[in-house]
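Okay, thanks for coming, everyone.

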Amino acid sequence: MHRVVLIAPDDFEGWRDAARGLAMARVDPADIVWQIGDSPGDLFGDAGLPPPRSSGGFSVSRAFIDLAQSALFHRDPERFALLYALLCRLRDRPGLMEDKADPLLRRVDALAKAVRRDIHKMRAFVRFREVGEGDALRFVAWFEPEHHIVRANAGFFVRRFAAMRWSILTPELSIHWDGEALSEGPGATRQDAPDGDPVEALWKSYYAAIFNPARLKTGAMLSEMPKKYWRNLPEAALIPDLVAGAQRREAAMIATAPKAPPAGPTNSAAAWGALRTEAMRCTRCPLHQGATQTVFGEGPLNAPLFFIGEQPGDQEDLAGRPFVGPAGQLFDAALAEAGVDRTRAYVTNAVKHFKYELRGKRRIHQTPDAGEVQACRWWLTQELDILRPRLVVALGATAARAMLGKAVTISRTRGQPIALDSGAEGWVTVHPSYLLRLPDAAKAAEERARFVDELRMIGERAKALV
Amino acid sequence: MAQLTIRQKLEILADAAKYDASCASSGTVKRDSRGGKGIGSTEGMGICHAYAPDGRCISLLKILLTNSCIFDCHYCINRRSSDVRRARFTAKEVVDLTLSFYRRNYIEGLFLSSGIIRSSDYTMEQMVEVARSLREDHDFRGYIHLKTIPDADPDLLHQAGLHADRLSINVELPTEGGLRRLAPEKDGKRIEGAMGRLRTEMEDHGDAWRKYRHAPRFAPAGQSTQMIVGADAADDRAIITRASSLYDRHRLRRVYYSAFSPIPSPSAVLPLKRPPLLREHRLYQSDWMMRFYGYDAQEIAAATDADTGCLPLDIDPKLAWALNHRAAFPVDVNRAPREALLRVPGLGVKAVDRILMSRRHRRLRLEDVARLTTSIVKLRPFLVTEDWRPTALIDRVDLRTRVAPPVRQLELFA
């Protein structure tokens, strides 16, 4: 058994000198006792160090020295032995440092990583407090590191606060900087450090003000600022209140949300105008390439009735207005028959660009696909947000998909109210162009009558809701 | 109105600054305060001195010089028509506050932004004065980030760059149309023009510095920008493409995304609904993929949902890309090049480097890979090791459900 006495828990030089000699003498890692200070030694450890040898040396890579210099500051009592074991293996396998999958190397790496993190956290979480005035002005901090890092970390504070006089007190060791030289003192207690600083109030105000209560993420905070550091951070005292405040805010939102939906726009005309202007340049889907222009919705912005069609047709595309082609004319006639005031309704389309297929010289209508409906829903949703109609009517399957966000069957959903998320009442019926396409005249008349009936029902419902 | 105290001003002007996402204090030159008469150092890696309960790091004193503004950008809480309380710091107050916070090790430096008062030039002058005073009067060597005003005189931008570590100009919205609608007084061309000028100036100073030891540095930590997500019609595909073009053309260090969050007393022109915070997170992930993992914007666009143009919210974009490109997998950890390994979902840059190093010394088995990475379960379908082949796993229809994180109820008002 060999006994190595190191003068301090972070005595890297001592470890290196001893380890070099022992490794050259090929002493087995199991035969060494590593001891800090002159405390009563291990019962068996009395063989001392082997005599230094002048020949047969070996060199290790820079990577190992860097690693050892970090890992040695870990508080794990096994660190000296682990590093020595790694050194012995390096002697026989110089490439070992690159073999990151090696279990021993991984373990030492983990020690070094913990130490580096502790060093970083000390740089982050030391909080100086001002004491004295004039020539006696001094900044003093109390910090409790997890590993033996204070001496190794002193350089950072010297580089950063060279023109200040400061002291960092820790349970194991104190370091002092007088503007020119660094000195060391014995360990201290929290009582030795000042217990307040006038600027702390400002710092706490800043901490509270920069916090955004709309996005509470305590998990993310805790992973980077674990609770063990809180007791020495003045601002951490605010955290429980800030979190509780944010949760209260959230609870209040839940409580008030169903009763009072967020206040609608106050100047919806400006909002609608701006939205329309932006929509004119829409490139959310490829349909804008073939179409003449965006055909945006139109009608009074306080309309209780909101009709959604499918998409502009050939004539609408040229005119830039919805429902002006043959289907639109049929729609107007049906509304008049049903006694619904067209001037009190807002009409728009699920898809705002004309989708067509060129056949000869004619542009033949093509049904927009789900992707195009989804892309254009952004505009529709905002039109609905601005207008907040009481009744939303989807004409045809495409419009129903845009209104409800999913595909539905017209025959199964028509003729009955559907509660929409916005609080409005939704209705589904056929698209007027469907009536134009029916080949059988009797069937067409029957369907048209049904369409008018439904419009009448919707019109009355709108009056009842107003 | 009674005179506001420093503390009240700080509360108002820090509150107004919290919508700026950036708080980075890294990537600048190494310097320290030895041999000077002031304080401060920067050592490459930034330090986060505290974390707020919103999970964001507090590294810099992030404040506005004033929250009064002559502009009326609809998404901004400080717009002319908003009824927030106004306050204004003098340059000296900001300097004193920065130094007293720095001395106590609360911060790495200052991030100064401002509403526009009187004119762009006047405001920029005030901000440059803060930076100048810190550097010249107090020999401050910590980090300074100045938000610059694109319309300000190029000479002022030049001054700003000589004092600051980082400059930033916000492009605000990913689309030209959105900018015209929501920030009518801002002009996309001028913003990009200013960014282009900054880039040229940074490169010129960089060249000079390589040749002459005493050439002055100009914004050594580069420039960054911020985009608001969810206030206009841009989908993720458009945002990623825009970000990538900004990186290319202006050599940005970072593009920050800020999920539009409904602000008190909102403007009528804004959408009333907020985008999910997760969307912002996915955009940051895609940003990482472009900067560190060798994906280009088109490839990430291929990971977006074909219908909505947005990245999936339930899985990360790297996994989404892998699921859409099964032919590229499985990847043999013992043979594949670095580029292929980087594309394996669950393998980060460090893990890939460790794999590359250790495979020179051994044939990696599954247990070896497990030691080198955080989660082997997620990786398994995409990897071939000495003792493991995923055989049919990679082609399974339900692979997505097997590797996606378990569904959980999101917070209602997160």
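**Domains, a sheet and some helix pairs**

Let me start with spacing: the centres of domain 3 of chain A and domain 4 of chain A, taken over C-alpha atoms, are separated by 46 Å. Chain A is split into domain 1 (2-120), domain 2 (126-192), domain 3 (210-256) and domain 4 (265-465), with bounds from an automatic or database domain assignment.

Quick housekeeping. This is a predicted model, so local features need pLDDT of at least 70 and side-chain atom pairs count only at pLDDT 80 or more, while totals for chains, interfaces and linings use all residues. Residues are numbered from 1 along each chain as its sequence is written, with chains lettered from A and ligands numbered from 1 in the order in which they are written.

Now the sheet. In chain A there's an open sheet of five strands, mixed in its pairing, with the order 9-8-12-14-13. Its edge strands, each pairing on one side only, are strand 9 (345-349) and strand 13 (418-419) of chain A. Helices (H or I, at least four residues) and strands (E, at least two) are DSSP runs, numbered from the N terminus, and two strands pair if DSSP finds at least two bridges between them. Strand 8 (residues 305-309) and strand 12 (residues 391-395) of chain A run parallel, joined by four bridges. If you want a spot to look at, Ile308(A) sits opposite Ala394(A) in strand 12 of chain A.

What packs on that sheet, touching strand 8, strand 12 and strand 14 of chain A? That's helix 16 (residues 441-465) of chain A, whose direction makes about 165° with that of strand 12 of chain A. Helix 13 (residues 396-404) of chain A also lies across strand 8, strand 12 and strand 14 (425-429) of chain A, at about 140° to strand 12 of chain A. Axes here are lines fitted to C-alpha atoms, for helices over the stretch in contact, and angles run from 0 to 180 degrees between N-to-C directions. Contact means C-beta atoms, placed from the backbone, within 7 Å.

On to helix pairs. Helix 9 and helix 12 of chain A pack at about 170°, axes 10 Å apart, which makes helix 9 of chain A roughly antiparallel to helix 12 of chain A. The cut-offs: under 35 degrees is roughly parallel, over 145 roughly antiparallel, 65 to 115 roughly perpendicular, and the rest oblique. The contact involves Ser268(A), Ala271(A), Trp272(A), Leu275(A) and Ala279(A) of helix 9 of chain A, and Trp379(A), Gln382(A) and Ile386(A) of helix 12 of chain A.

Helix 4 of chain A has two contacts to show you. The axes of helix 3 (residues 79-92) and helix 4 (residues 103-125) of chain A come within 10 Å and cross at roughly 135°, so these two are oblique to each other. Among the residues making that contact are Leu82(A) and Leu86(A) of helix 3 of chain A, and Leu104(A) and Val108(A) of helix 4 of chain A. With helix 5 of chain A, helix 4 of chain A crosses at roughly 45°, again with axes within 10 Å. There Ile119(A), Met122(A) and Arg123(A) in helix 4 of chain A meet Ala152(A), Asn153(A) and Phe156(A) in helix 5 of chain A.

Last stop, the other chain. How many residues does each chain bring to the contact? It's 69 from chain A and 61 from chain B. Helix 6 of chain A gives the largest share of chain A's side, eight residues.

Methods
Contact = placed C-beta atoms within 7 Å.
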